[in-house]
Each structure stands twice: as structure tokens, then as C-alpha cells.
Amino acid sequence: MLCERETYAILPLVLAKQDLRMQRIPTDLDQVKQTLLDAALSAGACKAAVARPDGAAVDASRLERWLERHPDLSYMTRTAWTRQDARRSVPACVSILSVAFPIPLGDPPIPQDKGIWALVAGYARGPDYHIWIRKRLDEAMKQACRNLDVTIHYRIAVDSFPLMERSLAVSCGLGAIGRNHNLIVPGCGSAVVLAEVLLDVPLRPDPPVPWDPCGTCRRCLDACPTGALRDDGDFDIASCLAYATTEQKDKIPTTTAQQAGLRLFGCDTCQLVCTHNAAQIRLTTRNATKNKAAVERHDEPAHDASMSEWPSAWVDITSWAALSTKGLARRLRGTALAHQGPIRLLRNAAVAAAAQMKQSGAKSLLDALARHVNPLVRAQAISALHPDSTGHDHDDQ
Ligand code: B12
Ligand code: SF4
Ligand code: SF4
């Protein structure tokens, strides 16, 4: 999950956009802190706290070990040093609001309507979370500064900046990391997207909260379809289906593709089984049955596609092969899926179609994808149609 790689080009960044001599310096910093925390909650967050800019540094050695094992994520390797301390990319940053926003979690049953269906993970349903969270936080911060009558320079990050967002959140007591490697916010669960507000005002940091969310539970380890979550606490990114469907650049290997099944984008399995998420799953399911659009509950971003266009849990991919890549990109504009680009989504569509071969239409969708102009899409579709082949067609030899 991420659109981080797109933003690195603009580093290093500064917070200040105005003439510092003009600014009104806040005096009562505890009042400022409380107002900003309240503003984050009013923007829809379920929890917010203040972290130090180097709050993630305690996990530096974890990150280094992780990078040694996963060198293929080059954007992570390139930015490893800056990730550990926000001041390395934004020198003016002296404190950070770490904020958790609830997102849908729960997979409604596959629709009975005619179609070839593919499943979108909760965080990527509806309008793009990068956009709606940034917009809401920005409005709330501006309003808070007006109420306080102070000038505070800030920069908002939503999965869009080289930080260790989970580690930062742990450092200020927002929650704790579970065996599924997700941040679990007490009372809210792990169905959250993390955002940060980098600030030039020195707020008192909140302490970490000692909390073991897992005890003897290991449901997520048992439920993970690929064994990506290891008993020893290790995470095997190469076999994680969230990685395969959102980050992997080349063809998805046959075994992983079979494990991915209907998943079009992301994987929620290790969160669906977690008891900390029971309330959020109930809420998502209730909203999904009551009103398809209500499950999204988010603001529409600033373009005029109608709400019915947003990806819900299930997307009908029947018509995808008939669309031009530009046409598919246009259809997905304003959603988190768009960061993936149409080609990799069509590759994933081939995987999902292969899991529904008994449905009428799946074979013709795969046949069409096997003739697609792009070699990656062709290769995935051909290997779905002929699992024993290499997945290469004549044009690729
Ligand atoms: C790369 C990345 C991925 C990769 C690798 C994930 C991974 N586990 O490392 C892939 C593509 C697989 C991925 C998948 C997902 N991701 Co992602 N991803 C990121 C990204 C960009 C960097 C993560 C990173 O630095 N990894 C390196 C390791 C070392 O760090 P870490 O995982 O962040 O956290 C470590 C520390 O907290 C430390 N730690 C501290 N205390 C403890 C205690 C214990 C017991 C353990 C084991 C570890 C531990 O170890 C953690 C795990 O290694 C972040 C955004 C960001 N900039 O932080 C989002 C982010 C972590 N992803 C997020 C989400 C939502 C997901 C998915 C749920 C999406 C989905 N539904 O498909 C899945 C979850 C998969 C999983 N079980 O982790 C959210 C996390 C929300 C949350 N509640 O934790 C983030 C923060 C984005 C955001 N802004 O909301 N992701
Ligand atoms: S399912 Fe159990 S072990 Fe996994 S994160 Fe949740 S509480 Fe922890
Ligand atoms: S996201 Fe899916 S594949 Fe990845 S660790 Fe969780 S359950 Fe396993």
C-alpha cells in the first residue's frame, strides 16, 4: 500500500511557506497541543497523539534487518536513513501528530449478480484515502490555527512520506504492534490508516503505552494463506498477498496467484480474524448491507465522478479487458487503486478471473487478457489458462 515513491523527488522539504518574522508564536504549548489533537479527532480520526521526530529511531535496527531481506523495495532502501528521523527530510520539524483514521474492514459475500468479481481490501475502497484524509486534516489544522490565533507551519503525510509510520505511532502510545505486524489501536483495532502532521512547534511528546495486544493468540498466523507471518515474528514480504497485488512489478508466480484467488488489491485476512477488529467488521458489514455507498463514508475528492463509480468491496471486472489502458485509468481516477496503474491491475484481474473459471465469462475475459497489448497482462493470463506453461507467449521470446 503506498504512493510514497511518487513524492520522494521533491525532498528535501521545508515546512515554512510564510515569512517567519510575521508569525505569531504560540505561547501556551499545552493548549496548542490539546487543540491540535481535538482538531484531528474532529477530522474523523479515532486516536491522535504527539510523537518526537525521532520517535521511530528505536526500530532502526528492525528496519535495517527488514531491508536486508527485502532489497527489491528500492524506494525503501533509498530512504532508510530519513525514515528514522523526520528532521532528516524536514529540518524544521520538532514534533509530530500521529493520527489513526478508521477504515472499512470486512468482506461482504460475493454478489450473486452476473459478473466476474474481484475483491478490494478495506483501505482501498471508496475515494483515495491519501486524498480525503489529507483534505480533512488540512482543513482541521487550518481551523485550529485560526481558533488559537497562531501561525504554525505543518506538513501532512498520509502513507506518502519516508517515515516509519507504525513505529512513530507506537512511540507515542497510539497503539501496539500485533503478531499480524499491524498497529492495533486500543478500542479501535487495526483497521486504520496512519497519517502524520509534521509541526514546527515543540509539543510535549506522549509516552508509549506498554500493552501486549496478542497474549497467547495466534489466529492471524494460522489464517494467513501463505505463511508470510512467521512464528518468530519475521515477515516474509515475498509471500504476502498484499505485496503481490499492490507492489510486485512482474508476473505473480502460479502458487501465489492461486493463493491470491479473488483478491484484486490488498489482503485483509490477518486482520479479519483479529478479535480487536470485531466492532469495525460489524460496522462495515452493517453499512454494506444498508447502503453500498455508506460503507465508504468519506468525502468525495475534487473531481466529479459519481459515488457509484468508487470501488466497493467487490468490483465487476468483466468489462476491463475491453477498456483501453487509458480508459481503465480514467475509471479508477481518484481511488487508491489508481496508484497501482492499469497494467498491474489487469494482471491482478487475470488472477481473479482464473479463480472463477466456473463462472460464465471468466474464460472469455482471460482469453481477451491473453491477447492484451501488454506482455505482463498477456503472461499472467496465459499462465492462468495454461498453468503448466511458462506464461510467455510468442511475442516475448
Ligand atoms: C512497505 C509497506 C508495506 C509492505 C510491507 C509491510 C510490512 N509489514 O513491512 C506491504 C506491501 C506488504 C504492505 C502491506 C500492508 N500494509 Co503497508 N506499508 C508499508 C509502508 C510504506 C512501510 C512499512 C515499513 O516501513 N516496513 C518495514 C518494517 C520494519 O516496519 P513496519 O512494518 O512499519 O513496522 C515495524 C515496527 O512497528 C516494528 N515493531 C515495533 N514493535 C513491534 C512489536 C512486534 C511484536 C513486532 C512483530 C514488530 C514491532 O516492527 C514492525 C513490523 O516489522 C507503510 C507506510 C510507512 N511509511 O510506514 C505502510 C503501512 C505500514 N501499511 C499499512 C497497511 C494498512 C497495510 C495493509 C493492511 C494493506 C492491505 N490491507 O493489504 C497490509 C498489511 C500487511 C501486514 N500484515 O503488514 C498501514 C498500517 C496500518 C496499521 N494499522 O498498521 C501503513 C502504516 C500505511 C498507512 N499510512 O496507514 N505494506
Ligand atoms: S489475531 Fe491475535 S495474534 Fe494476531 S494480531 Fe490479533 S490478537 Fe494478535
Ligand atoms: S496481508 Fe494477507 S498474505 Fe499478507 S500477512 Fe496478512 S494474511 Fe498473510
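Me: How many nonpolar, polar and charged residues does the shell around ligand 2 have?

Reply: Happy to sort these out. Ala, Val, Leu, Ile, Met, Phe, Trp, Tyr, Cys and Pro count as nonpolar, Asp, Glu, Lys and Arg as charged, and the others, Gly among them, as polar. On that basis the shell around ligand 2 divides into six nonpolar, three polar and three charged residues.

Me: What sort of model is this, and how are its residues, chains and ligands labelled?

Reply: This is a predicted model, in which local features need pLDDT of at least 70 and side-chain atom pairs count only at pLDDT 80 or more, while totals for chains, interfaces and linings use all residues. Residues are numbered from 1 along each chain as its sequence is written, and chains are lettered from A and ligands numbered from 1 in the order in which they are written.

Me: Which domains supply at least three residues each to the shell around ligand 2?

Reply: A residue is near a molecule if its C-beta atom, placed from the backbone, lies within 6 Å of it. Among the residues surrounding ligand 2 are Arg179, Cys214, Cys220 and His276. Domain bounds come from an automatic or database domain assignment, and the two domains concerned are domain 1 (4-105 + 128-199) and domain 2 (219-396).

Me: Which helix gives the most to the shell around ligand 1?

Reply: Ligand 1 is surrounded by 37 residues, with Asp159 and Glu165 among the closest. Helices (H or I, at least four residues) and strands (E, at least two) are DSSP runs, numbered from the N terminus. At least two shell residues come from each of α2 (60-69), α6 (165-171), β7 (192-199) and α8 (241-246). With four residues, the top contributor is α6.

Me: Is Asp159 buried or exposed?

Reply: Asp159 is found in the loop between β4 and α6, and its phi is near 50°, a positive value in a residue other than glycine. A residue is buried if 20 or more other C-beta atoms, placed from the backbone, lie within 10 Å of its own, exposed if 12 or fewer, and partly exposed in between. Asp159 has 20 such neighbours inside 10 Å, so it counts as buried.

Me: How are α13 and α14 oriented to each other?

Reply: Axes are lines fitted to C-alpha atoms, for helices over the stretch in contact, with angles from 0 to 180 degrees between N-to-C directions. The axes of α13 (residues 342-354) and α14 (residues 362-370) come within 9 Å and cross at roughly 150°. Angles under 35 degrees count as roughly parallel, over 145 as roughly antiparallel, 65 to 115 as roughly perpendicular and the rest as oblique. The two helices are therefore roughly antiparallel.
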